[in-house]
Each structure stands twice: as C-alpha cells, then as structure tokens.
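Here's a quick tour of this one, from the overall fold down to a few residues worth a look.

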There are 2 protein chains.
Amino acid sequence: MNYMDYAIEEGEKALENGEIPVGVVIVKNGVIIGKGYNKKEMNNDPTEHAEIIAIKEACKIIGDWRLNGSEMYVTLEPCPMCAGAILQSRISRLYIGTFNKDMGACGSVVNLIDNRSLNSFVNTIWTYDDRCSELLKKFFSTRRKK
Amino acid sequence: MNYMDYAIEEGEKALENGEIPVGVVIVKNGVIIGKGYNKKEMNNDPTEHAEIIAIKEACKIIGDWRLNGSEMYVTLEPCPMCAGAILQSRISRLYIGTFNKDMGACGSVVNLIDNRSLNSFVNTIWTYDDRCSELLKKFFSTRRKK
C-alpha cells in the first residue's frame with residue numbers, strides 16, 4: 001500500500017458516517033504519525049476537518065507543534081482553514097488526491113500554500129488519483145438519491 | 001464592559017502564559033457563548049489559536065456547527081487558518097482589534113474574509129483599539145529583554 005491508500009481508507013470512514021469524504025494521513029520518516037477523516041457533522045464542529053484532526057494527533061504523538069520533515073497525504077485539496085493549519089504546522093510536503101473547485105486553497109480558488117507573502121515553504125504534489133474523485137462522486141450521488 | 005474588553009482579558013491570559021497574546025470572545029444575542037486565548041506553545045498544538053478554541057466552545061454550547069448570527073471579537077487580525085475557520089463556522093460579524101502585518105488574512109497579507117470567490121459573507125469591523133496593539137508590544141518587549 002502507498003500512503004494515499006491509507007488516506008483513502010480514512011475518507012471511506014467519513015463516507016460511511018454520512019460526512020463529505022475526505023481522509024488524511026501524516027507521515028514522518030516512513031511512519032504514519034497522524035490520521036483523520038472529516039467529522040464535522042458527527043461532532044457538530046466546523047473545525048473537525050480531516051487535516052486538523054490529523055495535525056492534532058501527529059503533534060500529540062511527537063510532542064511538538066512543529067511538523068517539519070513530515071508529509072501530508074490528503075484525498076481532497078484543503079480549504080483555507082486547513083491550508084492555513086498546514087502552514088502553521090510547518091508540514092514540508094503535501095500530496096493532494098484531487099482538486100476542490102469550491103473551496104480549494106492550494107490553487108483552485110485561492111493559493112495559500114504556494115505563497116511567499118505567507119512565508120510558506122510547502123512542496124505540493126498533485127497526484128490526480130481517480131479513486132479520490134470517485135470517493136466524492138459516491139457521496140454526492142447518494143445525497144441526490146435521498 | 002464592552003465585548004472587546006473580554007477579548008482583551010483573554011489575550012492577557014495568553015501573555016501570562018508566555019504565548020503570543022491573542023484573545024477572542026464569540027457573542028450571540030448578547031451572550032458570550034465562546035471564548036479562548038492562544039495556547040499553541042502550552043499545548044504543543046499549532047491549531048490551538050484563540051479563534052479555533054472559541055469556535056469549538058461556542059459550537060459545543062449551542063450544539064450546532066453553524067454560528068450564523070454570532071459575532072466574534074478578536075484582539076488581532078486572524079491568520080489564514082483562523083479566517084478559514086471563521087468562514088467554515090459561518091460567523092456573521094467580526095470585530096478586529098488590530099492588524100497583523102505578518103500573517104493577517106483579513107486584508108493585511110491576504111483577504112479570505114471579504115472574498116466572494118469563497119462564498120464569504122462576514123462583515124468585518126476594524127476597531128483599531130490601542131489596547132490590542134499594546135498587548136502585543138508588551139509581549140515582544142518582554143521577549144527582547146530575555
């Protein structure tokens with residue numbers, strides 16, 4: 001399995017819970033130190049996006065708020081809140097599964113990640129993984145049937 | 001006391017704890033439903049900015065992730081993460097004490113709050129409250145003495 005497979009597994013958990021399916025893992029030195037999936041509706045908390053949950057977990061595990069040298073794998077392009085959290089946490093590399101045309105903050109709507117004014121040094125790699133877009137399609141087709 | 005006074009009180013708690021002094025209160029129908037101060041270093045968590053803590057508390061109190069109709073009072077212009085969280089939570093009005101020239105996401109460096117592409121409808125009121133800038137100066141002068 002590659003790391004995006006684990007992020008997709010997280011996203012599937014969100015789907016099973018009726019949430020917009022987004023999943024994340026954070027990897028440091030080949031070890032997964034944080035993972036998360038969107039729990040906004042379940043927990044009635046607009047900050048409980050997959051990325052924030054995974055960052056909190058990773059920082060707890062390593063006992064430091066600085067995640068320099070870590071990589072995040074996320075199934076969907078982060079929103080402004082999550083892109084901002086990635087900057088705050090100093091994650092070094094970001095692998096994105098698919099783009100978010102409504103709220104994407106890594107180039108689709110705004111670009112916080114590749115932005116020297118914000119002192120950002122995150123390397124972004126777009127994987128354009130069909131499984132990540134399929135995950136979202138599955139969610140929205142279920143919603144339409146209701 | 002006006003609501004910014006309470007936000008400043010929160011910011012002072014951050015200062016006492018050696019954190020960059022930022023404080024927040026969230027008000028709905030004249031009642032404070034959430035408050036917070038920066039706890040990033042204390043809790044080793046880069047997401048524990050005052051705004052995120054206050055939003056989490058307010059949502060827990062009202063049992064809904066939607067904070068429409070609420071106002072946030074914050075001593076310092078929010079960073080991208082926190083401005084994004086304000087959008088996610090649908091807070092209606094934002095009172096800002098002073099600007100943040102390094103990371104401000106309400107106009108100083110980027111503008112996420114007054115941004116139709118992000119479907120944002122937050123009303124922003126700049127209060128230019130000297131006490132808010134003094135709070136920051138106090139923090140940085142203490143640091144220089146060390």
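Is A:N44 buried or exposed, or does it count as partly exposed?

## The asparagines at position 44

A:N44 counts as partly exposed, because its relative accessibility is 27%, and the cut-offs for that class are under 20% for buried and over 50% for exposed. Keep in mind that this is a predicted model. To find A:N44, go to chain A and look in the loop between β2 (31-37) and α2 (50-62). Its backbone deserves a glance too: phi of A:N44 is near 50°, a positive value in a residue that isn't glycine. For context, most residues other than glycine have a negative phi.

Now hop over to chain B. B:N44 sits in the loop between α2 and α3 (50-62) of that chain. Phi is near 50° for B:N44, again positive in a non-glycine residue. As for accessibility, B:N44 has a relative accessible area of 27%, so it is partly exposed.

## A buried lysine in chain B

Stay in chain B and look at helix α2, residues 40-43, where B:K40 is found. B:K40 is buried, yet it makes no salt bridge. What is the nearest side chain of opposite charge to B:K40? That's B:E41, and it is 5.0 Å away. A salt bridge would need a Lys or Arg side-chain nitrogen within 4 Å of a carboxyl oxygen.

So what is B:K40 in contact with, leaving aside neighbours within four places in sequence? From chain A there are A:W65 and A:Q88. From chain B, the list has B:E19, B:D45, B:P46, B:E48 and B:H49.

## Chain A as a whole

Zooming out, chain A has 4 helices and 5 strands, and along the sequence they follow the pattern α-β-β-α-β-α-β-β-α. The radius of gyration of chain A is 14 Å, close to the 15 Å that the globule rule gives for 146 residues, so the chain is as compact as a globular protein of that length. Along its principal axes, the C-alpha trace spans about 45 × 30 × 30 Å.

Buried residues make up 53% of the 146 residues in chain A. Among contacts in chain A with a separation of 6 or more, 56% come from residues 24 or more positions apart.

## Surface and charge

Chain A exposes about 6,700 Å², with carbon and sulfur atoms supplying 47% of that. On the charge side, chain A carries 19 positive and 19 negative charges, and their mean positions are 2 Å apart.

How values were computed
Residues are numbered from 1 along each chain as its sequence is written. Chains are lettered from A and ligands numbered from 1 in the order in which they are written. This is a predicted model: local features need pLDDT of at least 70, side-chain atom pairs count only at pLDDT 80 or more; totals for chains, interfaces and linings use all residues. Side-chain values use heavy atoms; hydrogens and water are left out. Helices (H or I, at least four residues) and strands (E, at least two) are DSSP runs, numbered from the N terminus. The radius of gyration is taken over C-alpha atoms; the globule rule is 2.2 Å times the number of residues to the power 0.38. Buried means under 20% relative accessible area, exposed over 50%, partly exposed in between (1.4 Å probe, protein chains only). Contact means heavy atoms within 4.5 Å. Accessible areas come from the Shrake-Rupley method with a 1.4 Å probe; for residues, only the protein chains shown count as cover. Lys and Arg count as positive and Asp and Glu as negative; His and the chain ends are not counted. The place of a charge is taken as NZ of Lys, CZ of Arg, CG of Asp or CD of Glu.
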